[in-house]
Amino acid sequence: MPGVPTRRSKRIQSRTNDGGEVAARRFTTLREQVSIGNNNIEVVTRPWSDLPAELLSLIADQLRLIELLSFRGVCKDWKAAASTASAKIEGSPHSEPWLLLYGENSQCHLYDESRKRYTMSIPRLDGATCIASNQGWLLMFVEGSMFFYCPFSDAKIEIPKFPHSILSSHAAAFSSAPTTPECIVAVMHRDTESVLELNVLYRGANSWNKRKLISTRPNLGVLGSATYRDGTFHFWDKRNGLLAFSVKDESFVKYTVVVRNELSKNTAALPYIPYIHEKTRFEGNDMRKKVGLGKEVSVSVCGTTVKHDYGADRIIFSEDIDAAEESESRHLKGVWIQPRFFNISPNQSWSV
Amino acid sequence: MSSSSSPMQSTGRKLKLKSKDDETFEVEEAVAVKSQIFKYMVEDGVSNGPIPLPNVNGKTLARVLQWCQKHADPTITEDELNKYDAGFIDVDQAVLYDLLMAANYLNIEELLKLACMRVADMIKGKSPDEIRRTFNIKNDFTPEEEEEVRKENAWALGP
């Protein structure tokens with residue numbers, strides 16, 4: 001007596017014309033053939049568990065972070081096939097970064113683009129401060145020690161110690177993922193009122209290259225962001241100052257930034273740099289209220305760059321939000337981060 | 001039994017294809033070359049006999065060719081194409097699987113991506129257990145591996 005159809009199986013009509021012959025096919029043990037009278041009816045689902053690895057990888061590539069985590073939890077083959085998937089969705093309008101709040105204890109709060117809240121325990125962030133965030137990688141600083149970190153996969157890559165153990169008034173950026181051979185890190189910080197210091201680290205190098213810059217008038221104000229594009233690091237202050245550092249020439253150029261105005265003849269003649277500035281994302285969107293931060297809490301939020309396939313990239317500036325009342329009793333740190341999952345091998349290091 | 005795709009405006013050469021269950025199809029070259037396999041065959045000069053496709057059954061091949069036809073049509077707008085694709089891929093699991101395997105075998109990049117995205121959609125919002133039940137996949141993690149995965153995912157998927 002043939003077996004009983006499983007709960008998930010479907011009855012379908014016989015697919016051939018001669019009314020009965022079943023095409024030969026590999027079946028998993030969960031699919032059974034049911035015989036009713038003289039007709040053999042296929043009760044069948046497809047062998048999804050036999051899907052070739054390259055197709056599984058293609059599917060995994062379409063998944064966003066949470067779904068990718070589920071995918072990895074299905075079975076060994078699926079987990080293996082997902083090893084190269086990083087939750088990067090190409091051409092996505094949903095590339096808005098998430099907000100990660102940390103710094104009080106290991107319990108961190110994460111807000112996705114719909115402001116849904118998750119709670120994560122991330123011990124590696126204890127005592128550390130994020131000084132740059134780009135496409136899912138964070139650059140962390142803790143008393144001079146530095147490392148790249150992906151909080152969702154717990155991937156960590158240590159880099160040579162920074163020449164200073166305290167970093168205030170800074171802006172930092174890295175040119176590409178720390179797993180790429182051409183990754184360059186640049187950290188600018190204010191040494192004195194008129195002196196800015198730039199430190200640059202090349203992939204594979206054992207130490208940082210220091211370049212001091214004495215900023216002459218117009219002075220660069222409070223640093224707000226750093227970005228990288230086509231061989232040049234840009235350091236933006238929170239008003240309209242820009243310092244461009246060319247990696248190849250090791251030279252600086254100062255600019256005053258003007259927002260391009262289509263109607264103005266003046267701006268049309270100026271060199272154009274394709275960025276959009278978002279300087280008050282946290283404050284301007286009333287995030288304090290939306291994430292339920294009390295008035296006694298102050299927050300330092302590290303910005304990021306939102307890449308757009310067409311048109312200008314959008315720079316989310318770093319913000320320092322004061323407590324809304326006199327007595328500040330809690331200080332949190334935050335960072336805008338793209339939800340990505342990076343698998344790295346155990347011997348992945350900064351050396352090439 | 002054989003089917004023909006409806007003729008395109010230009011009269012190009014036709015390719016003859018034979019599915020694993022012996023259905024034969026005639027299709028314009030311009031349509032067939034959506035498949036990289038056929039593209040190379042056409043470029044290399046293909047014989048007159050029908051091309052056997054032992055990995056694709058007739059029903060699936062008919063669907064695939066219909067898709068190729070639509071995507072080779074120069075008069076169709078992108079909006080219409082997107083709408084068509086959405087309807088085309090809204091099929092049950094068995095058909096989806098067959099389309100996925102056929103698009104892979106015939107190397108039709110856009111159709112493959114469409115099918116993969118549909119599978120991804122079916123995965124959305126599901127826990128690993130729900131995914132296993134949907135696709136009839138056996139959980140072959142050891143208890144230790146299972147525990148490790150659960151811990152890694154707890155923040156996102158719950159304990």
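The model is predicted. In chain A, A:Arg239 lies in the loop that joins strand S15 (232-237) to strand S16 (241-246). The relative accessibility of A:Arg239 is 69%, and A:Arg239 therefore counts as exposed. Its C-alpha atom is 8.8 Å from that of A:Leu220, a residue 19 positions away along the chain.

| Helix of chain A | Helix of chain B | Axes come within | Crossing angle |
|---|---|---|---|
| H1 (residues 53-60) | H6 (residues 109-123) | 8 Å | roughly 65° |
| H2 (residues 65-72) | H8 (residues 143-157) | 10 Å | roughly 145° |

For H1(A) and H6(B), the axes cross at roughly 65°. This angle makes H1(A) roughly perpendicular to H6(B). The crossing of H1(A) and H6(B) is right-handed. On the side of H1(A), the contact involves A:Leu55, A:Leu58 and A:Ile59, while H6(B) contributes B:Leu112, B:Cys116, B:Val119, B:Ala120 and B:Ile123. The residues in the contact of H1(A) with H6(B) comprise eight nonpolar, no polar and no charged.

The crossing of H2(A) and H8(B), by its sense, is left-handed. Here H2(A) supplies A:Leu65, A:Ile66, A:Leu69, A:Ser70 and A:Arg72, and these meet B:Glu152, B:Asn153, B:Trp155, B:Ala156 and B:Leu157 of H8(B). The residues in the contact of H2(A) with H8(B) comprise six nonpolar, two polar and two charged.

**Burial of H1(A) and H2(A)**

Which residues of H1(A) are buried? They are A:Leu55, A:Leu56, A:Ser57, A:Ile59 and A:Ala60. The cover over the buried residues of H1(A) includes H2 and helix H3 (76-81) from chain A, as well as helix H5 (93-105) and H6 from chain B.

H2(A) is largely enclosed by the rest of the structure, because seven of its eight residues are buried. The buried residues of H2(A) are A:Leu65, A:Glu67, A:Leu68, A:Leu69, A:Ser70, A:Phe71 and A:Arg72. Elements of both chains cover the buried residues of H2(A), including H1, H3 and S3 of chain A and H6, helix H7 (128-135) and H8 of chain B.

**Aromatic pairs and a cluster**

Over all chains, the whole structure holds 19 aromatic pairs. One of them is formed by A:Trp98 and A:Tyr118, which are stacked with ring centres 5.9 Å apart and 5° between the planes. This pair links distant parts of the chain, since A:Trp98 belongs to strand S3 (residues 98-102) of chain A and A:Tyr118 to strand S5 (residues 117-121) of chain A, 20 residues apart. Both A:Trp98 and A:Tyr118 are buried. In the pair of A:Phe245 and A:Phe252, the ring centres are 4.9 Å apart and the planes lie at 45°, so this pair is tilted. A:Phe245 counts as buried because its relative accessibility is 0%, whereas A:Phe252, at 24% relative accessibility, counts as partly exposed.

Which residues form one aromatic cluster? The members are A:Trp48, A:Phe71, A:Trp78, B:Tyr97 and B:Phe135. Of these, A:Phe71 is also one of the buried residues of H2(A).

Methods. Residues are numbered from 1 along each chain as its sequence is written. Chains are lettered from A and ligands numbered from 1 in the order in which they are written. This is a predicted model: local features need pLDDT of at least 70, side-chain atom pairs count only at pLDDT 80 or more; totals for chains, interfaces and linings use all residues. Side-chain values use heavy atoms; hydrogens and water are left out. Helices (H or I, at least four residues) and strands (E, at least two) are DSSP runs, numbered from the N terminus. Buried means under 20% relative accessible area, exposed over 50%, partly exposed in between (1.4 Å probe, protein chains only). Axes are lines fitted to C-alpha atoms, for helices over the stretch in contact, and angles run from 0 to 180 degrees between N-to-C directions. Angles under 35 degrees count as roughly parallel, over 145 as roughly antiparallel, 65 to 115 as roughly perpendicular and the rest as oblique. A crossing is left-handed if the near helix is turned anticlockwise from the far one by less than a right angle, and right-handed if clockwise. Contact means heavy atoms within 4.5 Å. Ala, Val, Leu, Ile, Met, Phe, Trp, Tyr, Cys and Pro count as nonpolar, Asp, Glu, Lys and Arg as charged, and the others, Gly among them, as polar. Rings of Phe, Tyr and Trp (its six-membered ring) pair if their centres lie within 6.5 Å; planes under 30 degrees apart count as stacked, over 60 as edge-to-face and the rest as tilted.
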